[in-house]
Amino acid sequence: MFGRDLDAVSVRARLGLSDDFIPWLEELELAGAPTPPARLPNAHLLAHLGVSSEDAEAIIGAWLTPDQTPELWWLLQRCHQQLISQMGEPYPSPRSQWPLLPSHLGASGRLFYVYVFLSALPSIRQWHCEHSIADDVSWNTLADLGEHIAIHRRIFGTAGLDVPEWIIHHFRGVLYRLGRLHFHRGRLSPDWPIDHNAISTDMAGSRLIPGAPALSLHIPESGGPMTPAICDESFGQARDFFARHFPEVEYRFGQCSSWLLDPQLANYLPPTSNIVQFQQRFHLVPGGWNGDQDVMRFVFRRVAPSLDELPQRTTLERVVVKHLRAGQHWQIRSGWLAL
């Protein structure tokens, strides 16, 4: 049977992977291959995953097969096994990060993790069904895969996926798109100093401790403006959704870490802006880290551009550049809110 002559050492040699890949390959070898072996679904399902026709053509053109791409198929089987073995687990055991494959592997390397997620599609769809997750929530959540393939094309000019660690959450059953926002089952950071003076008596302050269950909030690109009303609707959906489908955990709080929470934005934007009103929902925790690269990626879909080449079409674009030209930096900040 295919793959019996392959192991981590031979796969690394045949694919020309550097020594940096050794820990990952050893981890995959320990995971082993699934029984029965993983398969790729029919390509027509790409449309259900939000994949554009242009990107679908690229994915189909580089389609992995066990006979034509045996080494990548060996990797796929074991990544698949890692993923499905942690299905529904919000706090998985530590795993080596899934590293991006080197450019010399071409389209098959750029799209490798797309094929891993495609192989897991039957498993996550079955898991959603077993947990009574509505079809529209299931597909809307998983369609973030197509959105990020499209973002890769906007940034790099080709179909690909450079954020596999993000899409893992969707295909492991711990993240859901509910209206405008993503909600990810997690915990409050154990490193956060919580200001208990900011907690009202009806917010169960005794539960707001580092490491307590919390829903992490993320903002997908698609969906239009983040108006307060639309965000309120998402929060309402989240309260009902997690209480119904995951009643074993009480999620009383949400958290977010993003450049969107940088209070410096309020120095430039009016109080009525959607960003400023979104910020006002959160209690910021002290500290932060440089967010310039995140701003470039999320506002402009660029990687390390010069300021002179950045467009100045919107207020936000102009604000970002003005701040950087002044020698200032944007920050990623974290905050919490009561659900």
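This is a predicted model: local features need pLDDT of at least 70, side-chain atom pairs count only at pLDDT 80 or more; totals for chains, interfaces and linings use all residues.
Residues are numbered from 1 along each chain as its sequence is written, and side-chain values use heavy atoms, with hydrogens and water left out.

Helix α3 spans residues 53–61, and its buried residues are Asp55, Ala56 and Ile59. Helices (H or I, at least four residues) and strands (E, at least two) are DSSP runs, numbered from the N terminus. Buried denotes under 20% relative accessible area, exposed over 50%, and partly exposed the range in between (1.4 Å probe, protein chains only). The buried residues of α3 pack against α6 (112–130) and α8 (144–156).

Helix α6 also contains His128, which is buried at 0% relative accessibility. Apart from neighbours within four places in sequence, His128 is in contact (heavy atoms within 4.5 Å) with Ile133, Ser138, Leu142, Gly173 and Tyr176.

The structure holds 15 salt bridges, each defined as a side-chain nitrogen of Lys or Arg within 4 Å of a carboxyl oxygen of Asp or Glu. One of them joins Arg154 and Glu221, with the closest N and O atoms 2.7 Å apart. Arg154 belongs to helix α8 and Glu221 to the loop between β3 (213–218) and α10 (228–245), so this pair ties together parts that are 67 residues apart in sequence. Glu221 is partly exposed, at 34% relative accessible area.

Another salt bridge pairs the side chains of Arg14 and Glu71 (3.3 Å, N to O). Arg14 is in helix α1 (residues 8–15) and Glu71 in helix α4 (residues 70–84), so parts 57 residues apart in sequence are tied together. Arg14 is partly exposed at 46% relative accessibility, whereas Glu71 is buried at 14%. A further salt bridge links Glu317 and Arg313 (2.7 Å, N to O); Glu317 is buried at 4% relative accessibility, and Arg313 is exposed at 62%. Salt bridges with shared partners join Asp5, Arg14 and Glu71 into one network.
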